[in-house]
There are 2 protein chains.
Amino acid sequence: MIHIAVDGMGGDYAPKEQIEGVYQALKAFEDIHITVYGEYEKMAPFLKGDHPRLEFVESHGVIPMGEKDPVGAIRSNRKSSMAMALKAVKDGTHAACVSSGATQALIAGGHILIGRMKGIKRTAIAPVLPTADPTKQFILIDSGANVEIKAEHMVQQAYFATVYAREVLGVEDPTVGLINIGTEEGKGRLLDTQVASLLKTHDAINFYGNVEPKDVLMPPSDILLSDGFTANILMKTIEGTAKGMSTILKAELSRGILGKIGLVLSLGNLKRFKKRLDPAEIGGAMIYGLDGVLIKAQGSSKATGFFNGIRQARYVVKQDVLGKVKEIIEAEKVS
Amino acid sequence: MIHIAVDGMGGDYAPKEQIEGVYQALKAFEDIHITVYGEYEKMAPFLKGDHPRLEFVESHGVIPMGEKDPVGAIRSNRKSSMAMALKAVKDGTHAACVSSGATQALIAGGHILIGRMKGIKRTAIAPVLPTADPTKQFILIDSGANVEIKAEHMVQQAYFATVYAREVLGVEDPTVGLINIGTEEGKGRLLDTQVASLLKTHDAINFYGNVEPKDVLMPPSDILLSDGFTANILMKTIEGTAKGMSTILKAELSRGILGKIGLVLSLGNLKRFKKRLDPAEIGGAMIYGLDGVLIKAQGSSKATGFFNGIRQARYVVKQDVLGKVKEIIEAEKVS
């Protein structure tokens, strides 16, 4: 049985959608047991009676979305749903934690309550993003945990992503691309040239080379790597461009009579298309580098998004991603 | 009469489209005189007889697109069309230079042959990009001249953009937004917090605050500022997302019979929509910080794109953008 700790109160639509997602996950997977940390009174309206693999533990207080002092918030709210769910992983009673609460608080909580994996110096947020090809996706690191970082720490994050891509996404020999302003060797900042030379020498990593974001929705590598500032800018630019283009498209398609007819006829297709880019559908981002499995579901998660986060947590545990990363870290130390 | 020096040989479709753009500009504006630097033999097929405000000067050699050693290329090709056109600005015989040649070579050439404006420490490439609103655009700096830069130099680039937005784009009181990973004060790298505090204190700048790229096609400010690495990543991510979304859209719209009918009916609108994002339509990017007007037209410019570059050069000269920037730099020194 895989025990998963769920933060029932974090997220824009908590606890309703979180609890609905939990029920979906229990139905889909018979090998998981879920403990939901939350406030009974607020959760009560959404409960559907007893379930043999479901447990509720009362928590007190919620760390608000966009919390300005994440470290302070975690330290002074040890009975919050987020802190209790994280603590359950630290204690070893649970193999993974899933939360759609405030990102920075969750990362701070991961450090304080779970702790970093031995030998790993920096955590990373690693969402899996869609590409223009419906059958393909890519891992983006670091989407915002470390805005300033050293080259060797980025390389450790690349180990993590490589194991994740192989074990969880089923990519046989995952390639790592470095986000850069040109494809030629030597392009970019000092940091980028340092990372490139390190990645080239590591046996555990299949380095593709530099990747320019003008191919960001058809990336030539399975993993796109940069620091937490750049990758976050990249992720938000994808979001902004998609949003802006939808606006343009609607305006353009509704222009003229033929366009109006076209729009009506295309509505079903347009909806499908937007769904693929919807954060609620993308599922969770794993926090790499902790000594436990932590999945950050989107703050705007509805039931399906949160269900995807739990599914992901289960699979990361099943495939022993952390154990396999530890093997690489150990091997690096010996060599 | 405004004298403009044109690099006739730089660009993917040179010299044909460049010469066609020159003729369009001469027809549109009676107050310009153009000198085209290029190889007679290659240009000959595209010439349309004499023009009283057009002159050709023979050049030798072309600096190839994607040149790896831009500084070396400029130094050892003083008779190339690019170098000669730049030199014409330095000599004072021409008020502006327009080129769609290799970007890095053009920037290197701008430094070596024109020189930086007194008091300005770093140049910047500043394209004007479209937004989701057809009536609005924004200036992006620096789209790739300086991958590593100090805060005070970014602030100088913001002066330039402010003057450009007011004088050339006609924005009454242009606002400067700092590209960042969050809108709250204090977000980002050390560089970003330094730039933000400097921008706040400068009278010549109307600082909007941080701008997250999830609003990049509907930006709340007229100017978006970052270092040359970040802004280049942002620009290429817009391009990549637009390209990827067009692919997705085509696939989605052609799915199913209703979708196919919709696609046929919408073709005209789709074309209009893509045209607004087409680099060939966007026109040129000004290189800020030089002691002369230098416009970089897109490498893939067709006649219309190159014509837009010349139009832009003319207007920058007419509005005395450089003179007005110098006034701000002088005032800053006194204060």
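Guide: What follows goes from the whole chain to a sheet, a helix and a core.

Guide: This is a predicted model, in which local features need pLDDT of at least 70, side-chain atom pairs count only at pLDDT 80 or more, and totals for chains, interfaces and linings use all residues. Residues are numbered from 1 along each chain as its sequence is written, with chains lettered from A and ligands numbered from 1 in the order in which they are written.

Visitor: How many helices and strands in chain A?

Guide: Chain A has twelve helices and twelve strands. Helices (H or I, at least four residues) and strands (E, at least two) are DSSP runs, numbered from the N terminus.

Visitor: What share of chain A is buried?

Guide: Buried residues are 55% of the 335 in chain A. Buried takes 20 or more other C-beta atoms within 10 Å of the residue's own, with C-beta atoms placed from the backbone.

Visitor: Sheets next. What is the strand order in the open sheet of chain A?

Guide: The order is 6-7-10-8-9 in chain A, with mixed pairing; two strands pair if DSSP finds at least two bridges between them. Strand 6 (128-130) and strand 9 (206-211) of chain A are the edges, each pairing on one side only.

Visitor: Strand 7 and strand 10 of chain A: parallel or antiparallel?

Guide: Parallel, joined by three bridges between residues 137-141 and residues 223-225 of chain A. A:Leu140 stands opposite A:Leu224 there.

Visitor: Which strands does helix 6 of chain A touch?

Guide: Helix 6 (residues 151-167) of chain A touches strand 7, strand 8 (175-179) and strand 10 of chain A, and makes about 165° with the direction of strand 10. Such angles run from 0 to 180 degrees between N-to-C directions, with axes fitted to C-alpha atoms, for helices over the stretch in contact.

Visitor: Switching to chain B. Why call helix 5 of chain B largely enclosed?

Guide: Because ten of its twelve residues are buried. Among what covers the buried residues of helix 5 of chain B are helix 3 (70-75) and strand 4 (96-99) of chain B. Just after helix 5, B:Gly115 has a positive phi of about 95°.

Visitor: And the largest nonpolar core, how many residues?

Guide: The largest nonpolar core has 201 residues, and those with the most contacts inside it include B:Ala126. A core here is a set of buried Ala, Val, Leu, Ile, Met, Phe, Trp, Tyr and Cys residues joined through C-beta atoms within 7 Å.

Visitor: What is B:Ala126 in contact with?

Guide: Leaving aside neighbours within four places in sequence, the contacts of B:Ala126 include B:Ile139, B:Tyr164 and B:Met286. Contact means C-beta atoms, placed from the backbone, within 7 Å.

Conventions
Two residues are in contact if their C-beta atoms, placed from the backbone, lie within 7 Å.
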